[in-house]
Amino acid sequence: MKTMTIYYSSTGRTELVANTIVDELDSDIVKIKDLKDRKGLKNKMISSLDAFRENKTKIQPIRVDLTDYNTIFFGTPTWASNPTPAIITIIDRCDLRGKDVILFTTMSANGGSPVIKRMKEKVEARGARVIGKFILKTKNKSKESLKNETKYNIKKIDLNK
Ligand SMILES: Cc1cc2nc3c(=O)[nH]c(=O)nc-3n(C[C@H](O)[C@H](O)[C@H](O)COP(=O)(O)O)c2cc1C
């Protein structure tokens with residue numbers, strides 16, 4: 001069984017979660033970069049609007065070949081209670097037929113549930129079966145506790161279902 005972790009992260013928290021998954025499950029990893037400038041307050045507002053409207057964005061890499069993988073983790077920060085444009089853009093380019101998928105999001109305080117719900121709809125429409133999901137609050141959390149929460153959440157997922 002080969003595992004792939006695909007994630008977007010703006011300020012490093014989702015990245016920490018993704019890296020913990022890689023360490024724990026010996027997963028391969030692809031970081032999706034958003035080529036649109038997301039820095040500063042004005043861009044933060046635009047980013048929230050982009051997420052809310054489910055606008056696509058320019059990403060790097062533009063595609064991920066999942067032929068050799070049967071289990072895929074998709075991770076994103078929560079933006080305005082929505083998945084980020086970068087993760088939606090890559091999901092819509094993935095062939096997920098027959099794949100087992102685990103979804104995760106990090107958020108400051110709330111809005112994670114609609115993110116998971118929307119990503120679930122998107123990956124299922126592309127042929128995936130969702131076998132796990134988790135939401136992590138990141139506000140005032142140390143790196144250590146985020147790592148430990150990630151480990152706890154992945155242990156709960158039955159990867160051999
Ligand atoms: C544009 C934008 C919108 C956000 N919207 C929310 C939100 O709706 N709810 C929330 O709890 N946190 C929100 N956050 C905070 C992030 O979801 C949170 O800090 C996340 O852990 C950041 O992940 P990252 O470090 O991987 O980018 C938002 C952050 C940004 C930049």
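Start in the sheet: select β5 (71–77) and β6 (100–107), which pair in the parallel sense over seven bridges. Strands here are DSSP E runs of at least two residues and helices are H or I runs of at least four, numbered from the N terminus; two strands count as paired if DSSP finds at least two bridges between them. For a landmark, click T71, which stands opposite D100 in β6.

Before moving on, two notes. This is a predicted model, where local features need pLDDT of at least 70, side-chain atom pairs count only at pLDDT 80 or more, and totals for chains, interfaces and linings use all residues. Residues are numbered from 1 along each chain as its sequence is written.

Eight of its eight residues are buried. In a regular strand, side chains alternate between the two faces of the sheet. Here D100, I102, F104 and T106 sit on one side, with V101, L103, T105 and M107 on the other.

Next, select α1, residues 13–25. Now pick out its buried residues: R13, T14, V17, A18, T20 and I21. Looking down the axis of α1, you'll find them within an arc of 160°, so they line one face of the helix; the arc is taken from the directions from the helix axis to the C-beta atoms. Just past α1, D26 has a positive phi of about 55°.

Jump to α4, residues 112–125. Which of its residues are buried? They are G112, V115, M119, K122 and V123. These cover an arc of only 90° around the axis, which puts them on the same side of α4. After α4 comes G127, with a positive phi near 100°.

Last stop: the ligand. Show the 22 residues surrounding it, the closest being S9, R13, T14, P77 and S108 (near means a C-beta atom, placed from the backbone, within 6 Å). α1, α2 and β6 each supply at least two residues of this shell.

Definitions and conventions:
The expected span of a helix is 1.5 Å times one less than its number of residues. A residue is buried if 20 or more other C-beta atoms lie within 10 Å of its own, exposed if 12 or fewer, and partly exposed in between; C-beta atoms are placed from the backbone. Two residues are in contact if their C-beta atoms, placed from the backbone, lie within 7 Å.
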